[in-house]
Amino acid sequence: MEITAVTMNSVIVTGSSGRIGAEICRLFKREGFFTIGLDRQPMQNADVHIQTDLNRLCTDEAYRQQLGQSLDELISRYPLKCLVNNAAEQLLNKTDDLTLEQWQTTLNVNLTAPFLLIQHCLPHLEATKGSVINVASIHRQLTKPRFVAYATSKSALVGLTKALAVDLAGRIRVNAISPAAIETPMLRAGFPNPDDYRKLNEIHPVGRIGQPDEVAEVAVFLASDKAGFINGADIQIDGGISGVLKDL
């Protein structure tokens, strides 16, 4: 029997054109969700794609209202069950050279935009007893040189997750996922040397890096009723690397 717009819940996924975002859309579709993708890139991985600049969302009130109206129109037909804040900006620079623009853009996309989207979607999510999933990063705990802005934003995103779970108690659930190395173009760009990429796989206790669908499966689970007692959590998907202490 075909699912109709009357019974089909929706999910909003930011960064829907990336590898992880595309998998999140695909697996939510598998579960019968109507998927609404937000991304700068005009690629179609969701049922509906809205080309969105999350940095501009934080600085342009008229733009923010326009996006909100577009989302409200869709949600009026497909009740919103989950918001997945997956999009991320990774601008790397040393502390001495990090510009205010790089810092602010990173915080806008990775922290402020998720908060603004949660604010806007809150009444819709509350009506369906829905939830928010914030995709953070292992960098919220373990990081490397030049990741100052990115690591700060992801640490703050986990802090936001826990604070909202408390502040919105009884209304909606808010959880985070913190992946380590996941097979994406962003990760590949950071390891252009094939030998370094091989070593990256080997240093994970499971013997490999993660795949986008492994992140997506956790997101789908967290959005389900089976995860109804999980709130304010930060789920690590790291192949065990956060427990590794390397000797010199």
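Let's start with Arg 146: at 40% relative accessibility, this residue counts as partly exposed. That label comes from a scale in which buried means under 20% relative accessible area, exposed means over 50%, and partly exposed is in between, using a 1.4 Å probe and protein chains only. Arg 146 lies in the loop between strand 5 and helix 5 (148–167). Its phi is near 80 degrees, a positive value in a residue other than glycine.

Before we go on, a word on what we are looking at. This is a predicted model, where local features need pLDDT of at least 70 and side-chain atom pairs count only at pLDDT 80 or more, while totals for chains, interfaces and linings use all residues. Residues are numbered from 1 along each chain as its sequence is written, and side-chain values use heavy atoms, with hydrogens and water left out. Helices (H or I, at least four residues) and strands (E, at least two) are DSSP runs, numbered from the N terminus.

Lys 129 also has a positive phi, about 55 degrees, although it is not a glycine. You'll find Lys 129 in the loop between helix 4 and strand 5 (131–135). Is Lys 129 buried or exposed? At 57% relative accessibility, Lys 129 counts as exposed.

Lys 129 also takes us to a pocket. Among the residues lining the second largest pocket are Lys 81, Lys 129, Gly 130, Arg 171, Arg 173 and Asp 225. That pocket has a volume of about 170 Å³, and its lining divides into two nonpolar, five polar and five charged residues. Here Ala, Val, Leu, Ile, Met, Phe, Trp, Tyr, Cys and Pro count as nonpolar, Asp, Glu, Lys and Arg as charged, and the others, Gly among them, as polar. On a 1 Å grid over the protein atoms alone, a pocket is an open set of points where a 1.4 Å probe fits, with protein on both sides within 12 Å along at least five of seven lines; lining residues have an atom within 4 Å of a point. Grid points are joined across faces, edges and corners, and the volume is the space filled by probe spheres set on the points.

Now please find helix 3. Helix 3 covers residues 61–75, 15 residues in total, and reaches 21 Å from first C-alpha to last, close to the 21 Å expected at 1.5 Å a residue; the expected span is 1.5 Å times one less than the number of residues. Which residues of helix 3 are buried? They are Tyr 63, Leu 67, Gly 68, Leu 71, Leu 74 and Ile 75. They sit on the same side of helix 3 because they cover an arc of only 135 degrees around the axis, taken from the directions from the helix axis to the C-beta atoms. The face turned away from that buried side carries the exposed residues Ala 62, Gln 69 and Glu 73. The buried residues pack against several elements, including strand 1 (10–14), strand 4 (80–85) and helix 4 (100–128).

Let's stay with helix 3 for Asp 72. At 30% relative accessibility, Asp 72 counts as partly exposed. Not counting residues up to four places away in sequence, Asp 72 touches His 120 and His 124, where contact means heavy atoms within 4.5 Å. His 120 lies in helix 4 and, at 29% relative accessibility, counts as partly exposed.
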